[in-house]
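Take a look at the model first, then read on.

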Amino acid sequence: MRRRTFCTSALAYISTMPLALRAFAASGAEASAEIPVIRRQGGEGFVSRKDCDDLRASLRGALLLSSDPGYDNARHLWNGAFDRHPAMIAKCAGAADVIQAVNFARAHDLLVAVRGGGHSFSGQSACDKGLMIDLSLMHSVHVDPVLRRTRVEPGAMLGEFDREAQSFGLVTTAGAVSHTGVAGLTLGGGFGRLARRFGLACDNLRAADVVTADGRLVETSANENPDLLWGLRGGGGNFGIVTSFEYGLHPAGPIMYGGDLLFAASDARAILTQFAGFAAEAPDEMYVAGGMWTDEKLGPIVGFNICYCGRPEDGERAIAPLRTFRKPVRDRLGPTPYVRMQTDFDATYPWGWGYYERSGFIKKLTPEVIDSVIAIMDAPYPADADIYFVHQGGAIARTKPEATAFWHRDPLFALLIETDWHDPSDGRARDESMQWARTQWAALQKFTDGFYVNELSADDPHARVRSTYGGNYTRLVQLKKKYDPKNLFHMNANVPPSEV
Ligand SMILES: Cc1cc2nc3c(=O)[nH]c(=O)nc-3n(C[C@H](O)[C@H](O)[C@H](O)COP(=O)(O)OP(=O)(O)OC[C@H]3O[C@@H](n4cnc5c(N)ncnc54)[C@H](O)[C@@H]3O)c2cc1C
């Protein structure tokens with residue numbers, strides 16, 4: 001009893017102190033009493049341990065504070081450049097946990113980050129001193145082969161999704177690295193080796209369950225709350241936390257035709273010019289992405305990654321104009337299981353390195369773009385840097401820009417300037433890499449129009465985010481006002497509810 005009285009009065013005393021003093025007290029003997037937090041709009045404050053204990057007791061999953069085992073592991077993201085320390089991490093085991101976490105965040109007016117697969121380039125899925133809502137425990141994939149549909153939880157990785165669907169001879173578009181998360185990828189759009197044939201991942205999204213900012217679980221489909229489904233298809237994580245995605249599936253695979261095709265960079269201009277024409281005329285089944293970088297063994301190269309999702313023999317014929325144009329220094333094209341092809345780049349982008357990227361859409365690979373890229377790659381550049389063109393068009397371009405929240409339908413490529421450094425604590429390597437990418441971006445940005453919200457950089461100003469939503473922006477703001485009027489979910493390519 002006496003002890004209880006002491007604690008209560010100590011708490012009452014701390015809560016009357018100015019914030020700086022309270023932080024000092026909270027870091028001392030009473031460290032367990034209050035946890036310093038950052039509020040939704042950036043102010044500082046505290047949450048009592050008692051409230052955290054209540055939240056923990058309400059979860060089927062776990063609540064991790066900084067002193068808990070597993071906290072460090074859970075806070076880390078794929079991009080090691082972001083080393084953030086949330087005040088607490090709610091590891092959700094199901095939709096009920098997500099509701100509890102959202103209600104807690106709203107009640108305490110906390111900064112919120114939402115983590116699906118943890119692959120945000122700009123580190124948006126973790127936050128300093130806020131509540132990180134971690135969905136990684138929720139990763140089931142259930143395929144209905146008769147209806148050709150799949151229900152996927154938001155912590156699933158693309159590899160899990162591909163493998164389950166392919167075991168029934170089915171696919172839908174997923175990204176090119178199998179350890180990327182399904183959730184963030186789909187909500188921002190979702191490019192991949194099959195997108196020219198089957199559309200973006202978000203185009204294949206048929207329904208979803210969403211926990212909105214008011215803590216309701218809202219079902220959305222063509223018949224129920226279709227406005228919300230429209231927003232989830234390209235509008236990012238703005239409207240709530242998706243706890244279940246339903247996709248339509250298509251018969252394809254298991255064997256497709258593709259792999260890597262590399263040429264010496266000495267002939268870059270001719271090869272990239274051939275690529276520009278080839279990519280523009282390619283059938284929907286053909287995906288050919290490529291660019292320039294330095295291979296450890298082969299030196300500077302112009303390289304392509306190819307996937308033909310029709311009959312392998314047709315793929316072999318279709319790729320010939322690029323394959324035989326010059327003598328390749330590496331040719332690993334052949335019939336390949338799709339699920340294996342989807343892991344080809346996994347080791348190139350390991351967890352925990354520092355990464356930085358700038359990107360934008362381009363409609364055509366013109367001689368000016370080719371010359372500019374060659375000039376950049378003729379000069380010295382960081383060891384792991386590259387400039388890369390992701391092939392788009394096909395089915396992506398046949399959906400109208402206003403049919404989903406994803407606006408930029410007509411570019412033929414996304415241009416990526418990518419760089420990484422293996423030790424994220426190496427400040428010099430980081431600065432050199434980022435400086436290189438920023439300089440090249442300054443030279444190439446003029447060729448681009450809009451960018452992919454999933455490649456948002458921490459450097460991108462809001463005006464750029466706004467303009468990439470194009471003619472859909474006003475509708476997105478209305479939707480934001482309806483489902484998240486206080487902008488609880490703003491760690492994303494944000495659509496603030498106040499702007500029209
Ligand atoms: C190595 C690598 C390869 C990539 N390749 C491709 C590619 O081929 N094609 C492509 O289109 N993109 C690609 N991307 C970009 C990718 O789409 C984004 O990084 C995407 O955000 C990853 O999703 P995630 O769930 O892993 O991310 P997370 O970091 O977990 O989440 C990113 C953001 O998505 C939102 N979010 C996540 N889960 C939810 C949810 N359940 N509900 C609401 N909002 C949520 C949040 O705003 C969060 O900040 C790649 C990224 C990497 C790092």
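A polar contact here is a pair of N or O atoms within 3.5 Å. Keep in mind that this is a predicted model.

Tyr452 brings in its side chain instead, placing an N or O atom 2.6 Å from an oxygen atom of the ligand. On its own the ligand would expose 950 Å², and the protein buries 93% of that.

## The shell around the ligand

Which elements give two or more residues to the shell? They are strand 5 (112-115), helix 7 (182-188) and strand 12 (241-248). Helix 7 supplies the largest share, with four residues.

The shell counts 33 residues, and the ones that come nearest to the ligand are Gly116, Gly118, Ser125, Phe191 and Tyr452. Sorted by class, it holds 16 nonpolar, 16 polar and one charged residues.

## Lys91

Now for the lysine. Lys91 belongs to strand 4 (residues 88-91). Is Lys91 buried or exposed? Its relative accessible area is 17%, so Lys91 counts as buried, the cut-off being under 20%.

The Lys91 side chain makes a polar contact with the side chain of Asp134, at 2.9 Å. Leaving aside residues up to four places away in sequence, Lys91 touches Gly61, Ala62, Leu64, Ala74, Asp97, Asp134, Ser136 and Leu137.

Conventions. Residues are numbered from 1 along each chain as its sequence is written. This is a predicted model: local features need pLDDT of at least 70, side-chain atom pairs count only at pLDDT 80 or more; totals for chains, interfaces and linings use all residues. Side-chain values use heavy atoms; hydrogens and water are left out. Buried means under 20% relative accessible area, exposed over 50%, partly exposed in between (1.4 Å probe, protein chains only). A polar contact is a pair of N or O atoms within 3.5 Å; within protein, one must be able to donate a hydrogen and the other to accept it, and residues adjacent in sequence count only if both atoms are side-chain atoms. Contact means heavy atoms within 4.5 Å. A residue is near a molecule or strand if one of its heavy atoms lies within 4 Å of it. Accessible areas come from the Shrake-Rupley method with a 1.4 Å probe; for residues, only the protein chains shown count as cover. Ala, Val, Leu, Ile, Met, Phe, Trp, Tyr, Cys and Pro count as nonpolar, Asp, Glu, Lys and Arg as charged, and the others, Gly among them, as polar.
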